[in-house]
Amino acid sequence: MEKHTVIGDRIDFNKDVETTFSMSFLPLDIFDNWDRVSSISDFVAEYFGTYYNKITASNIISTIFNELVENAVKFTKNNSQPIHIVVKKSNNSFLSRITNTIPNHSKDTFISICRDLFSSNLDELFVKKIEAGAMDNKKSGIGLILLKKDYQVDTSFDFFEDNKFNKVAVTIKLTI
Amino acid sequence: MKLEADKYTVEYIRKTRMITFKGVLRLQNKEEYRNISELLSQAASETTGLPLILDMRELVFLNSSGISSLSMFILKMRKLDKEIHIHGNSSIPWQTKSLKNFQKLYSKVDITFPSDS
């Protein structure tokens, strides 16, 4: 039986879906071609942005989606394992689910970061992370905080095992 | 002093105490922002008396690594007790939503959206 650890907001990913698409990619050489993350985000934003009656919809979708894809690429355990993306439009909501592998050694840390998102004052957490991160040039760690705090994105994390790989599915719902 | 890449430019003009950001800044991590951080540090050290101005009006995207790197610069300015004025663009969502975070790090950050005035 699969063991799941689910953290975050309740999101009905299948309710009133009007349109959807999915894609998968192998993040093989993406660190050497970092603009591809932005290309994926801009494509999704252009595709879905026109569904919403708001002039800034594409820009907002691109901003949020880019953070999620960056995280998936950075956290993925094995570059030979695909990252799966599902995107949906439902009424005035934009939903996405991005699933990637994560290394064993960082699973507990990731779970702890996710729990902090739902048990902390996010303004205080932002300041704390920035002040703590002054010495760490690789990690930022504020992307998910900004999505929740500044864009009010509903977010859910599902950690599970699949074919011996640890995986996380990050589901978001953005009201536009 | 000017940093130029395919997707962005960052230019510092000492005479006007202004750093202008244009384009899309979605670099991979804070290390990739090092050149920009160094430009900001130089501007910080050369600015005295009057506020340093960050013109963001044509910066369409800035990812969280960029916000993190700029936040480090804000902390540096806080340590130096130097003022910052940010010129934003109210039609660019990340600016209306996230620029205010810099004020949470340092009270001497002033943000204006000139198109509104």
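User: In which hand does α1(A) pass α2(A), right-handed or left-handed?

Analyst: The model is a predicted one. In it, α1(A) passes α2(A) in a right-handed crossing. That name applies because the near helix is turned clockwise from the far one.

User: What describes the packing of α1(A) and α2(A)?

Analyst: Two packed helices are described by the angle between their axes and the distance between the axes. Here the axes of α1(A) and α2(A) come within 8 Å and cross at roughly 145°.

User: Which residues make the contact between the two helices?

Analyst: A contact requires heavy atoms within 4.5 Å. On α1(A), the residues that make the contact include V37(A), I40(A), V44(A) and F48(A). On α2(A), they include I61(A), F65(A), V69(A) and V73(A). By class, the contact of α1(A) with α2(A) has 10 nonpolar, 6 polar and 3 charged residues.

User: What makes K149(A) and D123(A) a salt bridge?

Analyst: Side chains of opposite charge can pair when their charged atoms come close. The side chains of K149(A) and D123(A) meet at 3.2 Å, N to O. The limit is 4 Å between a nitrogen of Lys or Arg and a carboxyl oxygen of Asp or Glu, and therefore the pair is called a salt bridge. This pair links distant parts of the chain, for K149(A) lies in helix α5 of chain A and D123(A) in helix α4 of chain A, 26 residues apart. Over all chains, the rule gives 16 salt bridges.

User: How many salt bridges does the rule find across the interface of chain A and chain B?

Analyst: The rule finds 5 salt bridges there. One of the salt bridges in the model joins the side chains of D150(A) and K100(B), at 4.0 Å from N to O.

Key. Residues numbered from 1 in each chain as written. Chains lettered and ligands numbered in written order. Predicted model: local features only at pLDDT ≥ 70, side-chain atom pairs only at ≥ 80, totals over all residues. Heavy atoms only, no water. Axes fitted to C-alpha atoms, helices over the stretch in contact; angles between N-to-C directions. Helix = DSSP H or I, 4+ residues; strand = E, 2+ residues; numbered from the N terminus. Nonpolar A, V, L, I, M, F, W, Y, C, P; charged D, E, K, R; others polar.
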